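Subject: Structure handover

Hi,

Here's the structure I said I'd pass on.

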Amino acid sequence: MATVLICRRFPRLSRVTTFSTTAKCKATSGSSKSEQNKEENPETANTGTESVATIQLLNPLDYKVSYNPSAYAKSRATSQQHAARNSVQALGDTFTGSGTAQAQHKFGTTSSQALPPLSSALPKPESKPVLEKTVSAHLSAAQTKEEAEDEKTEKHDSKEDPRMFQKGRPEYRSLSYDKFEPIETLPLEEGESILRSVATCQGSQSPGTLTDYFRKLSRLPLEAGAALVSEPRFSTLCRCAVKNMESFSTSDLMDVLKACIRLGVPPTHPLLNACENEFCRRVWDMDLEQLLLVADYWRCLERSVPSYLSILFSYANMHWKDLTLPQFVQLVYIIGEGRRSPADLLQKMESRILKDLDSFTLEEVGAICLGLFKSTSGISDHVMRKIADRVSLQMEDMSTYALVNVLKMLRYIRMDHLPLLKELGKVIPARIPTVNIQGIMHISLTYSSLHYFDEGVMAAVAMSLPSKVTYCRSKDAAKFLWSFGCLDYEPPNEEEFYSSLIEQMHRKLHEFRKFPEHLLTGLLGLAFVRRFPEELIDYALRDEFVQKTRGSKYELRKDLFTLGKSVEIECPSYQGSRLPPQLSQEITEMVLNFAEEEIYVRPEIVEAVSLLESMLGGPGYVKSHMILPHTRSSDLEVHLAWDGHPIPFNLEDPTADKKLKDVGVRLTDDLMTQLIKGTSNSQSPVEMQNEARTSGRERREEAPTPHAGDRSALSGGALVTGARCLEPPPSPALNQRPREVKLAIQVSNRNHYCYCSKRLLGLHCLKRRQLRQLGYVVVELPFWEWFPLLKRTRLEKLSYLHYKVFDPALLSRAG
């Protein structure tokens, strides 16, 4: 039994408060593996040797609670598997494992890829049939591996679930392979007899006889069929088939391919190479039903056949009007499984979806969405909205798998659909405990991608996750952390939730070497909610890992930059690896160049800068820049003396050292009246709501006032020491310059908030938290106030900005 000790992190403390987690699996050896072994083989928790996984975060506290997550499993056995197992046991063999389709592929991948010469496949006199010996040997070796995999893998068939739509109409029987098709099992003795015949005749059989051999051998018990692939005499049979390939009829050739599926022939087998070439040659002599069925066979064999699919799509384009509804859905499924998006078919597909939308079953709707998603086919918002309209009205009758596929497509084109999202909030929480881990990940990722927060759904995800966390791939764990961090949501079981995911990140550390983007995704999600696991951060900022990110197909430098700078600001005690200064400078320049072209020129920012300069005294009193370049958004910086007077500080402006004399707005009686009316102590309901959330967090953080000598401020992406921050009140006896209050004015927009709410997203929560930690007072011009004012008079805008900048509460809060 694994015991995990967790140090309690009180919510939102100003210091980075963290916990230490140690997971120990006791055994008789009593020895622990080194850190290097833990990284090379992180799945040691169930191997019977003692394994210690230590998760150390910054500034651990002493408060601890124990946590022992229960294992999650959902067993499922089909009647076909039972039948296959019983048939083998009846022959008196030593079969004790389960005959799953998955086992076929495991055996198949270990078989020889080359076909031996005919002379090497002569039969040998044996007292016991070779096939029975081979089956026993294969089964014994595979059982241990399969049992071990079962302990780490959720009972979920990711290859079969996408095909559930094929159960809804009888027409799919002629378009797809059915692995549950009942067949009469062939005795092992007859299989042995066929193999002897193959070796004796040495290739003299007719194509019809060879096809019959394949059909019969495919009826062997699943375990025997899987073992057969490595038989030299089966290689002889395959060699004979390749030699006579052109003589096979199309139906016979399709039967050979179907037999290969049940036998678990590996996708790179030479026989399949020859079959693919032959089918590509025959495409134009086949009908659409045959073409779709063969494409489905290739899918079941897990073989990539881009040439065949290209010809199939061209054929379908020419015969588009002849497609029946099941043929169309099957074609979209094949397009998705082939990860190809034929551009010339996309418009026709959209028209067909709109035409038959009410005729599709709900499972077919899900299959269509999955096919479009996998093939990265960007359909129009109009078509997607029509699909979402139908799903929102019939969601309770839809399987969770099909529903998740619709969410994937909704997320891909980034389209909000409030009726669907609201109905999802009613339907999905009760289903989440029964959903596999990948499905749950896609649900939470949809909410974060669309910036839509539903506490009921996210809480249900959080409560179900700890018991299933061992089934998470590195991608799943990272996406969960990102989703919750992006929405800035810490669930009721936050410590259990986060500790279990961080542990899983440690266990999957070896996967991050291949997929570095997942580690950065997870760490940024943690940083958004003020969690910084030291060992994982140290690993992510090492030179060797940084080099791996350069080889990724994703742009990861900005993520590294955000993580590295956040650690510098929020983790003063961190002693691990740091981001190379040259890389930091390189990314800073890239981000600032982007800001110059895309951010600073936005009308709402340009207008605010112009009006502030007029109100305060000129360009020297306002600076439009990125105080924190790693947060990728701009700020308007203003400095005020302790008595509220503006202070020039923008040295980039030649007039920065001039005083306010003869510069700025003329104070007329009318303007004074407007300003006085705009400085009422009462707040609007909207402002009170936003302020309540912000002030609540500030109370929880209890942020101490930084001193000039204790902190450093980020300016233009580089750390500049000695920047003036809030200091203790000066002694009256000393003639010192009045203290400054540094304002970081945020001109927010809708992308900073959750959809249809005033809930800040995680990245912007991180930014404002770090600005306060560096001594800035954050002032927001929220889009719901500032954007409507852009259409009003200049006087009204000046009055609003005066109220925001010279609010007495700012000085009192800073003090």
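Contact, as I use the word below, means heavy atoms within 4.5 Å. Bear in mind too that this is a predicted model.

Let's start with the packing. The largest nonpolar core holds 197 residues, and those touching the most other members are Trp298, Tyr308, Met384, Ile387 and Leu743. Helix H11, covering residues 288-300, gives the most to this core, namely nine residues. For Tyr308, once you set aside neighbours within four places in sequence, the contacts are Phe279, Cys280, Val283, Gln290, Leu291, Val294, Ala295 and Trp298. There is also a second, separate core of eight residues, with Ile569, Ile627, Ala744 and Val778 among them.

Now the rings. The count of aromatic pairs comes to 21. One of them is Trp482 with Phe528, a tilted pair at 5.3 Å centre to centre with 55° between the planes. That pair links distant parts of the chain: Trp482 belongs to helix H21 (residues 474-486) and Phe528 to helix H24 (residues 516-528), 46 residues apart.

Phe497 and Tyr498 make another pair. Their planes stand at 80°, with the ring centres 5.0 Å apart, so this one is edge-to-face; the cut-off for that label is over 60 degrees. Phe497 is buried at 0% relative accessible area, and Tyr498 counts as buried at 0% as well. Both rings also belong to one aromatic cluster formed by Phe453, Phe484, Tyr489, Phe497 and Tyr498.

Phe453 turns up again with a charge: the charged end of Arg759 sits over the Phe453 ring, 4.0 Å from its centre. Likewise, Lys758 has its charged end over the ring of Trp784, at 5.0 Å from the centre.

Last, a word on confidence. The protein chain has a mean pLDDT of 77, and 69% of its residues reach 70 or more. Residues 1-128 have pLDDT below 50, and this stretch has 266 contacts in the model beyond near neighbours in sequence. Residues 675-738 are also below 50, with 114 such contacts.

Cheers

Note on methods. Residues are numbered from 1 along each chain as its sequence is written. This is a predicted model: local features need pLDDT of at least 70, side-chain atom pairs count only at pLDDT 80 or more; totals for chains, interfaces and linings use all residues. Side-chain values use heavy atoms; hydrogens and water are left out. Rings of Phe, Tyr and Trp (its six-membered ring) pair if their centres lie within 6.5 Å; planes under 30 degrees apart count as stacked, over 60 as edge-to-face and the rest as tilted. Helices (H or I, at least four residues) and strands (E, at least two) are DSSP runs, numbered from the N terminus. Buried means under 20% relative accessible area, exposed over 50%, partly exposed in between (1.4 Å probe, protein chains only). A charge sits over a ring if NZ of Lys or CZ of Arg is within 6 Å of the ring centre and within 35 degrees of the ring normal. A nonpolar core is a set of buried Ala, Val, Leu, Ile, Met, Phe, Trp, Tyr and Cys residues joined through side-chain atoms within 4.5 Å. pLDDT is the predictor's confidence in each residue, from 0 to 100.
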